[in-house]
Amino acid sequence: MGLFDKFQGLAAARGELEKLGVDPFGVEIERILSPTEGIIHGRRTVLAGTNNYLGLTFDPDCIAAAKRALDTEGTGTTGSRMANGSYANHRKLERELAAFYEMRDAIVFSTGYQANLGLLSGLMGPDDVVLLDADCHASIYDGCRLAGAEVIRFRHNNVEDLAKRMRRLGPRAADTLIVIEGIYSMLGDRAPLREIVEVKRELGGYLLVDEAHSVGVLGDRGRGLVEEMDVLADADFIVGTFSKSLGGAGGFCVSNLPALDLVRYSSRPYIFTASPSPATIASTRQALVKLEAGRDLRARLRVNYERLHSALEAMGYTLGAPPSPVIAVVLGERNEALQFWKRLVEHGVYVNLMLPPATPNGVSLIRCSVSAAHSSEQIDAVCRAFSDLRSAAGIVAAELGTG
Amino acid sequence: MTGDITLDYPQILAEICAELATLTQGRVEVGEDTDLLGDLGLDSLQVMNLMLQIEDRFDISIPVNILPDVKTVRDLAMQIDNLLRAR
């Protein structure tokens, strides 16, 4: 078995994409113009696949804060916090995140992926059990793997299934970590959080809620599904990212449990990574202020996603979930999805293409993420593209011989 | 079927084959040497979803961690045998 033999499957799959003239995983945004617009293939394109839910990437105050930090603190920290020291602003951001959630403390990680990787691998060990919602993000699976913990999946959003699996664990259930997400990234559906909290209250265990796609989006102050469902006190750990609503890069975990501070010493992804750069920390701190006060942004976001959702539904598209900023259009067949995605880009609309096995149940998805920064005209343009393709959908299917 | 710890290996094997038969709908002959990925063409996610079914069939927890050691139906049957004995 040669070193590169394992790539044969991948090479074949990519060759197939080249033959079809579609490159969904190598898109170059030649120029970024605003949170919601860029140049792709020389064409002005509405960006509707960015996770930029509040549109803060071009916020003047966030940019000014980042520039000031660049000038005063330099371009990078050149090391990990454990070995090379924390900057005062790393700790300030952690205290601000803890205060935001009214929790004891927070840890900042260098990426959102690393927040799950770092927390789970630091917290869990080979003798521990993690109960994962089957649709949890790859970073959660990878964190459990790095921990060497025993991983048990339960059927997506199925509270009965969770309870059944908890009961099977017997006395071990009391120390199990249940991991769920506020909004799931593929279909845009929410966790039945209150019911899950009930299971935890009855059978024990700890609860980790990954609010990557719901921070800034749900809840009056933007604290996510835990706030919207009023169960903040039942979440033992909340994980989130700076790279979506907060418009930066990085991730965090907050908790009321004193042991969180010890996770720093056991988390290899925390110990052996350079800390976030001063500019990133500065823009994130500013963005957090905007996010918390951003009821107007959340209201605008909601208007936008509800409009797109109802328009797509009216066109007869099958959608993955009730309205949320993640709107997944379910397309069954892979090649149909590829062609569809390509035509959307040709229509000046950039969205995400998601194929199995990254998707649940083997479906192919066209995934839109809506922003508060989308203008009414931009939402119109997205609707128009989908509508044009709806009438052309039969033609696409016929060309592929699937019609 | 739930919670029966008296199951012996041939019975476990038969149960797994029955579960796989519903998945393959008879298109592939399933036996001890059947490779879950190679012969049945399952991807990693489909294998994990198959485990959910099998967990319920035997009323046990099968950690996702054991999957790297499971290539064939025999591997799976032996893992389940071990898990049932360990209870």
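Mentor: The model is predicted, and one stretch calls for caution: over residues 395-403 of chain A pLDDT stays under 50. For these residues the model has 13 contacts beyond four places in sequence.

Trainee: What is the mean pLDDT of chain A?
Mentor: Chain A has a mean pLDDT of 95, and 97% of its residues reach 70 or more.

Trainee: Why is α4(A) called roughly parallel to α12(A)?
Mentor: The axes of α4 (residues 88-100) and α12 (residues 278-293) of chain A cross at roughly 20° and come within 10 Å. Angles under 35 degrees count as roughly parallel, and α4(A) is therefore roughly parallel to α12(A). The crossing of the two helices is left-handed.

Trainee: Which residues make that contact?
Mentor: From α4(A) come N89(A), H90(A), K92(A), L93(A), E96(A) and F100(A). From α12(A) come P278(A), I281(A), A282(A), T284(A), R285(A), L288(A) and E292(A). By class, the contact of α4(A) with α12(A) has six nonpolar, three polar and four charged residues.

Trainee: What makes α7(A) roughly parallel to α8(A)?
Mentor: α7(A) and α8 (residues 193-203) of chain A pack at an angle of about 20°, and their axes are 10 Å apart. With under 35 degrees as the cut-off, α7(A) is therefore roughly parallel to α8(A). Here the crossing is right-handed.

Trainee: Which residues of α7(A) and α8(A) meet?
Mentor: V159(A), L162(A), A163(A), M166(A) and R167(A) of α7(A) meet E195(A), I196(A), V199(A) and L203(A) of α8(A). The contact of α7(A) with α8(A) divides into seven nonpolar, no polar and two charged residues.

Trainee: Why are α1(B) and α2(B) called oblique to each other?
Mentor: In chain B, the axes of α1 (residues 9-24) and α2 (residues 44-58) cross at roughly 135° and come within 11 Å. Roughly antiparallel requires an angle over 145, and roughly perpendicular one of 65 to 115. α1(B) and α2(B) are therefore oblique to each other, and their crossing is right-handed.

Trainee: Which residues form the contact between α1(B) and α2(B)?
Mentor: E15(B), I16(B), E19(B) and L23(B) of α1(B) form it with L50(B), Q53(B), I54(B) and R57(B) of α2(B). Four of the residues in the contact of α1(B) with α2(B) are nonpolar, one is polar and three are charged.

Trainee: How many residues of each chain are in contact with the other chain?
Mentor: Ten residues of chain A are in contact with eleven of chain B. On the chain A side, β6 (150-154) and α7 (159-168) each supply at least two residues, and β6(A) gives the most, with four. That side of chain A has five nonpolar, no polar and five charged residues.

Trainee: Into which domains is chain A divided, and how far apart do their C-alpha centres lie?
Mentor: Domain 1 of chain A comprises 13-54 + 295-400, and domain 2 comprises 58-293. Their C-alpha centres lie 27 Å apart, and 19 residues of domain 1 are in contact with 18 residues of domain 2. On the domain 1 side, α13 (295-314) and β11 (326-331) of chain A are the elements that give two or more residues. β11(A) gives the most to this side, with three residues. The domain 1 side that touches domain 2 of chain A has twelve nonpolar, six polar and one charged residue.

Methods. Residues numbered from 1 in each chain as written. Chains lettered and ligands numbered in written order. Predicted model: local features only at pLDDT ≥ 70, side-chain atom pairs only at ≥ 80, totals over all residues. Axes fitted to C-alpha atoms, helices over the stretch in contact; angles between N-to-C directions. Left-handed = near helix turned anticlockwise from the far one by under 90°. Contact = placed C-beta atoms within 7 Å. Nonpolar A, V, L, I, M, F, W, Y, C, P; charged D, E, K, R; others polar. Domains from an automatic or database assignment. pLDDT = per-residue confidence, 0-100.
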